[in-house]
Amino acid sequence: MTGASRPKLILGSASPRRLELLAQIGIRPDAIRPADIDETPRRGETARDYVRRMAAEKAAAVPAADDEAVLCADTTVAVGRRILGKPETESEARDFMRLMSGRRHRVLTAVALRHGGVMRERLVETLVRMRPLDDPALDRYIAVGDWQGKAGGYAIQGAAAAFIPWIQGSFTAVVGLPLSETATLLAAIGITGVSP
């Protein structure tokens with residue numbers, strides 16, 4: 001694709017983390033238009049199906065011109081079949097952290113790219129182990145407030161990093177945007193940053 005035919009990139013997210021991650025690979029969106037959709041899981045919906053649906057619905061909801069491509073992502077945390085969204089209260093954040101304490105959980109991030117009437121999608125699953133948390137450590141963490149607005153009540157690149165000794169998979173997917181997969185999707189429509 002020539003530079004003239006390169007689509008404009010619209011990031012359908014207000015997440016500063018996703019914007020920072022794109023910058024790491026030399027990609028700067030032409031505009032930011034956060035999607036506003038209902039993010040309630042459906043009854044019996046698996047975490048994989050839920051996160052895929054959220055990314056695709058976000059990408060479909062963002063208005064875009066013919067010369068624009070919309071990039072959206074969604075990240076969720078799953079413990080067994082239970083989906084842990086963004087906690088609304090300190091009490092809910094505490095419950096989520098206790099549930100993950102001393103065990104592994106899955107972080108699933110789906111990416112959706114809508115361009116030219118085509119929806120391209122990728123799903124990345126990462127296993128994360130959280131060390132056992134005692135009440136004083138949990139109290140300090142909750143007091144910091146880093147749990148707010150984060151799937152599962154934590155950000156791996158924030159204060160909760162002290163609780164995570166091990167991951168298997170994509171660190172950037174846990175942060176909120178799997179960079180390798182995203183770069184591949186974008187390159188397929190002529191949007192490139194740094195060379196691989």
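Trainee: How do α1 and α6 lie to each other, roughly parallel or roughly perpendicular?

Mentor: α1 and α6 are roughly perpendicular to each other; that label covers angles of 65 to 115 degrees, with under 35 degrees counting as roughly parallel, over 145 as roughly antiparallel and the rest as oblique. This is a predicted model, in which local features need pLDDT of at least 70 and side-chain atom pairs count only at pLDDT 80 or more, whereas totals for chains, interfaces and linings use all residues. Residues are numbered from 1 along each chain as its sequence is written, and side-chain values use heavy atoms, with hydrogens and water left out.

Trainee: At what angle do the axes of α1 and α6 cross?

Mentor: The axes of α1 (residues 16-24) and α6 (residues 179-187) cross at roughly 70 degrees and come within 11 Å. Axes are lines fitted to C-alpha atoms over the stretch in contact, and angles run from 0 to 180 degrees between N-to-C directions. Helices are DSSP runs of H or I with at least four residues, strands are E runs of at least two, and both are numbered from the N terminus.

Trainee: Which residues make the contact?

Mentor: L21, L22 and Q24 of α1 meet L179, T182 and L186 of α6, where contact means heavy atoms within 4.5 Å.

Trainee: What else is L186 in contact with?

Mentor: Beyond its neighbours within four places in sequence, L186 contacts L9, L22, I27, L71, L113 and I191. L186 is also among the residues that touch the most other members of the largest nonpolar core, which has 41 residues. Such a core is a set of buried Ala, Val, Leu, Ile, Met, Phe, Trp, Tyr and Cys residues joined through side-chain atoms within 4.5 Å.

Trainee: Which element gives the most to this core?

Mentor: β3 does, with five residues.

Trainee: Changing topic, in what sense do β5 and β6 pair?

Mentor: β5 (residues 104-115) and β6 (residues 118-129) pair in the antiparallel sense over 12 bridges; pairing requires at least two DSSP bridges between two strands. In this pair, A110 stands opposite L123. Two residues lie between the strands of the hairpin, and G116 takes a positive phi near 60 degrees.

Trainee: And which residue stands opposite R129?

Mentor: W166 in β7 does; β6 and β7 pair in the antiparallel sense over three bridges.

Trainee: Last one: does D146 count as buried or exposed?

Mentor: D146 counts as buried because its relative accessibility is 18%; buried means under 20% relative accessible area, exposed over 50% and partly exposed in between, with a 1.4 Å probe and protein chains only. D146 is found in the loop between α4 (135-144) and β7 (166-168).
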